[in-house]
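These are my notes from looking through one structure. I went from the whole chain down to single residues and wrote down what I found.

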Amino acid sequence: MTSTNRRRNALALTGLALTLVLAACPSNTPPKARVLPGPDAPLPEEPAHPPPVDPEAMCRSDARDPGRVTLHRLNRAEYDNTVRDLLGDTTHPARDFPADDHGFGFDNNADVLSMSPLLMEKYSSAAERLVDEAWTRGDVGARCVMDTLSPEPCARDILAAFAHRAWRRTVADAEVTRLLGFLALARQHGDSPEVGLKLALRAVLVSPHFLFRVEKDPASAAGSEHPLSDDELASRLSYFLWSSMPDEALRAAADDGTLQDPAVLERQVHRMLGDAKAQALVDNFAGQWLYTRALDAAEPDTRYGFDEPLRVAMHQETTLFFREFLTSDLTMKDLLDAPFTYVNDRLAAHYGLPPVGGDELKRISLRDRPERAGILAQGSLLTVTSNPDRTSPVKRGVWVLEQLLCKAPPPPPPNVEGLPTTVDPRLNIKARMKMHRSQPSCAGCHSLMDPLGFGLENFDPVGRWRLKEEGGAPVDSSGELPDGTTFTGVMQMRQIVKSDPDLAPCFTEHLMTYALGRGTTTKDQCAVRDIVKQAEARGGRLSDYILGVIQSNHFTHRRAETETPRP
Amino acid sequence: MSKKFTLSRRTLLRGAGALLALPLLEQMLPHRARADAAATPAGAPRRLFVFYTACGIHMPRWTPSAVGSDWQLTPTLQPLAPVKDDLIVISGLANAPGRPDGDGHHAAATSAFLSCAKAYKTEGTDIHSGISMDQVAANAVGKATRFASLELGIDAGKGIGNCDSGYACPYANNIAWAGPATPVPKETRPQAVFNRLFADFDPSATQAQVEKRRAYGLSIIDFVREDAKSLQGQLGGTDRRKLDEYLTGVRELELRVNALESQGPSCSPGVAPEDTTDVRVKAKAMMDLVVLAFQCDLTRICTFMLANARSDKAYPFLGLTSGHHTYSHHQNLPSNFEALATIDRWEVEQYAYLVQRLKAVQESDATLLDHSMAYFSSEIADGNSHEHKNLPILIAGRAGGALHTNRHLRYSGDPLANLFISMLGILGAPVSQFGDGTGPLSGLEG
């Protein structure tokens with residue numbers, strides 16, 4: 001979805017019914033062009049102001065089009081985790097693969113995940129090495145011993161079990177028979193059945209059934225929606241929560257046909273969130289939603305003393321903090337101000353907190369240090385939304401708008417980016433940024449972005465608490481939002497965000513984008529509303545939102561393509 | 001790294017010197033190139049190297065004032081002093097298709113960097129640009145070598161957020177495009193590149209072993225191709241197109257496996273580079289690998305991205321505290337000009353290192369550089385105004401006698417695509433039409 005669409009969605013949802021606490025910035029820029037390829041294609045007409053939509057009327061019908069997810073190639077994290085769970089391989093072979101591009105904020109977007117000859121070559125050599133090493137370790141082929149004269153029964157047994165797990169679905173006898181052909185091939189070349197079996201295992205790992213998450217449309221279903229098969233649902237679930245293949249318990253629920261039962265699904269979700277493999281949801285969903293991943297590439301100026309131990313500690317802090325939300329009774333909205341965090345001595349000193357006694361991060365209460373509570377006060381986020389040598393209220397404000405409220409402003413017009421450095425350095429940044437609001441072309445958006453960033457001005461470019469800016473001016477962390485709401489400091493600012501009606505739908509939209517591996521559009525807004533309502537009714541815990549997405553029609557169903565399979 | 005590889009590398013390393021002292025084995029010389037249309041008069045193949053650098057160039061310190069053979073090195077071009085004789089500086093070309101719809105100059109211009117095609121503005125679905133000139137060349141001459149082309153870079157991807165104002169990340173991260181919807185991903189780990197170039201080749205294998213290995217490899221390919229084809233019959237149109245990408249990959253893999261024995265490296269690889277995050281070490285390692293790949297005739301077409309579009313990389317080792325993209329919006333402040341010129345010069349140093357390495361390798365009676373075109377440019381000219389005209393362009397090397405060097409050519413807004421039409425002709429991949437081009441660039445050849 002383009003940010004324009006996002007903004008419209010937010011508008012449509014918040015609509016007339018609710019107070020616009022934080023309105024989207026007035027759009028005086030032309031609508032984003034969706035031009036057909038070609039130099040002179042005409043611009044489609046778009047109304048400058050979309051007609052107001054009544055969200056209640058819009059979502060009155062129960063019909064929720066689940067949409068389509070394109071054939072989904074495993075991304076690098078998914079590949080690594082899958083071969084870990086399938087073969088016991090912990091070498092992260094996908095490190096050697098080209099990077100996955102991301103779309104709509106996540107690198108598991110099925111449309112963007114493309115296949116290339118280079119990647120195919122990598123898959124092929126990885127498969128050879130993975131099978132050789134797993135064979136040597138005894139992680140495959142240990143189910144039975146192949147009889148030299150009659151190896152087929154044992155080989156069939158090994159291959160059937162392996163393909164069932166690797167392809168994450170029921171495997172037909174005929175498919176196993178095809179795989180057994182590799183034993184005959186090896187025999188022709190004078191090699192042992194073991195050589196043939198290993199070739200078959202390699203073929204399983206290079207097959208599209210392994211590399212893609214296949215979801216089929218029944219031939220009769222053109223254009224209409226249908227429930228996923230049990231196997232397909234199990235895969236969606238495990239790749240959402242674990243970025244990996246289903247385990248035995250989940251496979252069993254799929255095999256005996258009970259997984260579609262909402263109560264069974266719920267039990268599986270809670271079991272899976274409590275499993276160590278749920279770390280993948282923290283690394284891959286939260287790591288991208290909260291920008292924690294960008295910390296790896298952050299290069300604050302040397303004068304801030306930012307080093308590897310601090311980078312690692314900041315990363316772990318956000319990871320452990322978010323992780324706790326998966327299984328606890330904390331609500332999703334508590335991400336803004338939960339009164340605890342995790343620090344080690346290095347990070348505690350950085351934050352001006354008492355030491356905890358070592359390099360290992362420990363959970364501490366922030367009851368006495370409320371300004372440090374919540375994601376907005378964590379070093380990881382504050383660092384990656386700063387420039388290397390100064391804070392950027394704009395970047396911080398945009399982060400809040402895009403990631404928490406889905407009210408992304410359009411990008412600035414050309415030729416205006418960056419803050420001139422010749423302005424009087426004795427002025428605080430707020431005064432220096434006044435220009436944003438004095439120029440009409442900038443004011444519309446900056447009157448929304450800048451104040452949110454000002455609220456975080458007590459945190460320096462690496463997240464240390466400060467009362468004075470580097471130029472010596474006292475920090476002014478007050479802000480005024482377009483509707484006249486005023487606040488001072490991070491504690492008041494984060495309460496405004498926490499109570500914003502767009503926080504829950506926005507979080508849900510990000511979660512759904514990640515869970516489905518596709519971008520969301522205005523068509524998905526009613527489903528988002530349903531999930532928010534359901535999750536809030538259950539208590540609003542983070543796991544309620546996760547469960548809400550999983551139990552939604554969007555997750556359990558798919559619409560068949562109008563262009564049907566070829567007969 | 002696989003165990004198997006360790007063994008074969010040991011064999012390869014036997015008696016080999018360090019990377020810098022590679023002996024060029026005589027038998028590698030143009031045994032395949034002899035009948036090659038793209039070969040130089042001396043019989044050596046022609047190579048193309050493309051060096052991309054992000055966020056534009058500070059042009060006042062780049063552009064030589066004199067035109068023709070009287071040109072002098074400017075401050076930014078100073079690192080190229082040892083190879084000035086081998087250089088052509090080209091000013092005044094424009095890449096109009098790089099201009100975005102609204103914002104997104106860096107991504108749109110980067111996808112148009114070698115394609116001269118307009119990128120369709122989308123954040124994820126329905127990506128559409130055009131085939132890049134390196135891939136046109138690879139399609140024409142790539143079959144002669146083990147790798148039709150190599151795509152290298154320093155940065156994998158941003159990892160979070162959006163890439164550039166409504167343009168999907170593939171536009172910002174790729175200059176090589178096999179087709180309008182198919183970016184060719186790049187490798188960003190020197191060690192992985194080295195392994196790919198040399199790992200699958202075992203010079204100690206007997207003919208029978210090679211044939212068996214090939215037969216096994218092909219049998220797996222046949223198996224998965226059949227899987228994909230039968231799966232395709234059960235999928236809708238969009239999914240089928242994804243599987244088409246897979247089948248293209250399978251076809252390429254088949255070519256690679258078929259050529260296993262005939263296209264092994266014909267010179268010694270030296271020592272695998274260590275992985276590092278230091279951009280200085282990494283850039284040097286990548287340049288060494290380019291030279292090695294050309295020298296061993298593993299490929300003749302290679303592109304390299306020193307950074308991805310809109311890179312805000314910091315250069316603390318140059319004494320700079322802010323990021324590149326931030327500086328590039330210079331607002332005409334002298335301090336920002338200084339910073340940009342410092343970064344530009346460092347970029348030119350990396351390119352100069354490669355050019356000098358190419359020049360140091362003898363090939364028949366000339367040097368590798370004499371048989372190459374090493375192209376350098378950025379997606380835009382000035383970073384503040386996002387200029388898509390007057391692009392900063394260098395070509396080093398004589399392309400086997402096709403180019404007369406040590407000149408500064410100035411044009412007035414001719415399409416960049418015209419230069420690519422000329423270059424493709426020189427490379428043995430003639431095209432009559434490319435991007436917004438109107439014909440070969442006048443005054444380039446000769």
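This is a predicted model: local features need pLDDT of at least 70, side-chain atom pairs count only at pLDDT 80 or more; totals for chains, interfaces and linings use all residues.

**Entry: a strand in chain B**

I applied the term to strand β10 (residues 393–396) of chain B. Ile393(B) and Ile395(B) point one way from the strand, while Leu394(B) and Ala396(B) point the other way. All of these residues are buried. I reminded myself that in a regular strand the side chains alternate between the two faces of the sheet.

Then I looked for the partners of β10(B). Strand β2 (residues 87–91) of chain B pairs with β10(B) in the antiparallel sense, over four bridges. In that part I found Val89(B) opposite Leu394(B). Strand β9 (residues 372–378) of chain B also runs antiparallel to β10(B), and four bridges join the two. Here Ala374(B) has Ala396(B) as its bridge partner.

**Entry: chain A as a whole**

I counted the secondary structure of chain A as 24 helices and eight strands. The chain has 567 residues, and 50% of them are buried. I also looked at contacts in chain A with a separation of 6 or more: 69% of these are between residues 24 or more positions apart.

How confident is the predictor in chain A? I asked this of the pLDDT values. The mean is 87, and 87% of the residues in chain A reach 70 or more. Two stretches I marked for caution. Over residues 27–50 of chain A the pLDDT stays under 50, and the model has 28 contacts for them beyond four places in sequence. Over residues 417–421 of chain A the pLDDT is also below 50, with eleven contacts in the model beyond near neighbours in sequence.

**Entry: one helix of chain A**

I checked the length of helix α11 (residues 262–274) of chain A. At 1.5 Å a residue, its 13 residues should span 18 Å, and the end C-alpha atoms are 18 Å apart, so the two agree.

Which residues of α11(A) are buried? I found Gln268(A), Met272(A) and Leu273(A). Seen down the axis of α11(A), the buried residues fall within an arc of 125 degrees, so they line one face of the helix. On the face turned away from the buried side I found the exposed residues Ala263(A) and Gly274(A). The cover over the buried residues of α11(A) includes α9 (230–241), α10 (248–255), α13 (308–327) and α23 (542–551) of chain A.

**Entry: a covered helix of chain B**

I turned to helix α5 (residues 190–198) of chain B, which is mostly covered. Seven of its nine residues are buried. Among them are Phe194(B), Arg196(B) and Phe198(B).

**Entry: where the chains touch**

I found 71 residues of chain B in contact with 71 residues of chain A. On the side of chain B that touches chain A, α4 (169–173), α6 (207–232) and α7 (237–258) of chain B each supply at least two residues. The most comes from α7(B), with 13 residues. By class, I wrote down 24 nonpolar, 31 polar and 16 charged residues for this side of chain B.

Most residues other than glycine have a negative phi, and most peptide bonds are trans. I noted two residues with a positive phi.

His92(A) has a phi near 50 degrees. I located His92(A) in the loop between α3 (76–87) and α4 (117–137) of chain A. His92(A) counts as partly exposed because it has 15 C-beta neighbours inside 10 Å.

Ser364(B) has a phi near 45 degrees. I located Ser364(B) in the loop between β7 (362–363) and β8 (366–367) of chain B. With 16 other C-beta atoms within 10 Å, Ser364(B) is partly exposed.

Last, I looked up Gln356(B), in helix α10 (residues 334–360) of chain B. Is Gln356(B) buried or partly exposed? Gln356(B) has 18 C-beta neighbours inside 10 Å, so it counts as partly exposed. Not counting residues up to four places away in sequence, Gln356(B) touches Pro82(B) and Val83(B). Gln356(B) and Leu369(B) are 13 residues apart in sequence, and their C-alpha atoms are 8.2 Å apart in space.

Technical notes. Residues are numbered from 1 along each chain as its sequence is written. Chains are lettered from A and ligands numbered from 1 in the order in which they are written. The expected span of a helix is 1.5 Å times one less than its number of residues. A residue is buried if 20 or more other C-beta atoms lie within 10 Å of its own, exposed if 12 or fewer, and partly exposed in between; C-beta atoms are placed from the backbone. The arc is that of the directions from the helix axis to the C-beta atoms. Two residues are in contact if their C-beta atoms, placed from the backbone, lie within 7 Å. Two strands pair if DSSP finds at least two bridges between them. Ala, Val, Leu, Ile, Met, Phe, Trp, Tyr, Cys and Pro count as nonpolar, Asp, Glu, Lys and Arg as charged, and the others, Gly among them, as polar. pLDDT is the predictor's confidence in each residue, from 0 to 100.
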